[in-house]
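Have a look at the sequence and the 3D view before reading on.

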Amino acid sequence: MDLALFWFIVLGVLWTGYFVLEGFDFGVGILLPVLGRKKGAVGEAAVDAEKRRRVMLNTIGPVWDGNEVWVLTAGGATFAAFPHWYATLFSGFYLPLLLILVALIVRNLGFEYRHKRHGVEWKARWDQAIFWGSLVPAFLWGVALTNIVRGVPIDAEMEYTGNLFTLLGPVPILGGLTFVALFVTHGAIFLALKTDGPIRAESRRIAERMGVVAAALAVLLLLLLGLSDGKVLSWVTTVIAAVALLGALQANRMGREGMAFLGTAVTIAMAVATYFVMLFPNVMPSTTDPAFNLTIENASSSQYTLQVMTIVALIFTPLVLLYQGWTYWIFRKRLTTSHIPDDVQPDQPLTRVG
């Protein structure tokens, strides 16, 4: 197999892994203010809400940073294997990618600093950081990838000639909304899989409702993309994605969260696969002139660079996968609010340090 084609496939796998794994992270973060809301009497409700939020965050606490390794690897692999693609993408999509980076940083700070101090205001601010730091990247990744598949204005020098508003067309915005809906459904099913009690029951209800929304948006999006850029294989992956999502919703209704989670994972994987199949043999189509398209051939590195990358990937990729798989196995058990100690102090006033 041609190494440029091989690394195009590898990048598809890396982005698939990122969206499947980070997708439920985003979903949990977006659902934090929904499933972590107060219930019951004032005093008890505040404690109950804090415990619920901590349970939700604890489900992704051991794995969220490992999930982000996938996007770092995808970015690094793009830079090394397809430098022209990397240069055009990161210069043309500079502002959206910067917003994604800032949102991820703020979100990660929320994970790390939320528990550092007691106080309603302190934790509420970091909860908002986690919410927006999950919602913004989920939406913008969908916008960015949809733009890449549909094509953007690129000139003969492989430079992006549009602006931010060029990227905000109806179909790319639909792509962003679809990604958000899929990730929320994926995250709700993950919470149902990883928790028990009221959170589990409520997560299943949210997954059922959001799953219907996600299915409608995904069908519309993939149909619009397929009519303009579809291939036989992309229609096959589209059908698989739709069937997997329907199967996930049915499994969720039956209380089989493991099968439901597998279904949404397959749905996201096949959606990303559909994008990459539609994109091939291009890596970034030009709407200015098809002659200016960036392809896997004219955007790739030298053969020697690709050979070195392949050797390194074959050595280290299995080690990373084994380590991440071990992490998920160790933290596989369900969580409930009973696992959270009773010393939470949500009503303690915010105080100055020093």
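Which residue lies over the face of W329? In this predicted model, that residue is R332, at 3.8 Å from the ring centre.

A pair of aromatic rings is described by the distance of the centres and the angle of the planes. The count of aromatic pairs here comes to 27. One of them joins F6 and W7: their ring centres are 5.8 Å apart and their planes meet at 85 degrees, so this pair is edge-to-face. F6 is partly exposed, at 26% relative accessibility, whereas W7 is buried, at 4%.

Compare that with Y113 and W126, whose ring centres are 6.0 Å apart and whose planes are at 25 degrees, so this pair is stacked. The pair links distant parts of the chain, with Y113 in helix α5 and W126 in helix α6, 13 residues apart. Y113 is partly exposed, with a relative accessible area of 39%, while W126 counts as buried at 18%. Ring pairs can also build a cluster, and one such cluster includes W15, Y18, F19 and W141.

Finally, find S286 in the loop between β1 and β2. S286 has a relative accessibility of 8%, which is under 20%, so this residue counts as buried. The side chain of S286 reaches the backbone oxygen of I154 at 2.8 Å, and a polar atom of that side chain lies 3.2 Å from the backbone nitrogen of T288. Among the residues that S286 touches are V152 and F292.

Key:
Residues are numbered from 1 along each chain as its sequence is written. This is a predicted model: local features need pLDDT of at least 70, side-chain atom pairs count only at pLDDT 80 or more; totals for chains, interfaces and linings use all residues. Side-chain values use heavy atoms; hydrogens and water are left out. Helices (H or I, at least four residues) and strands (E, at least two) are DSSP runs, numbered from the N terminus. Buried means under 20% relative accessible area, exposed over 50%, partly exposed in between (1.4 Å probe, protein chains only). A polar contact is a pair of N or O atoms within 3.5 Å; within protein, one must be able to donate a hydrogen and the other to accept it, and residues adjacent in sequence count only if both atoms are side-chain atoms. Contact means heavy atoms within 4.5 Å. Rings of Phe, Tyr and Trp (its six-membered ring) pair if their centres lie within 6.5 Å; planes under 30 degrees apart count as stacked, over 60 as edge-to-face and the rest as tilted. A charge sits over a ring if NZ of Lys or CZ of Arg is within 6 Å of the ring centre and within 35 degrees of the ring normal. Lists of a residue's contacts leave out its neighbours within four places in sequence.
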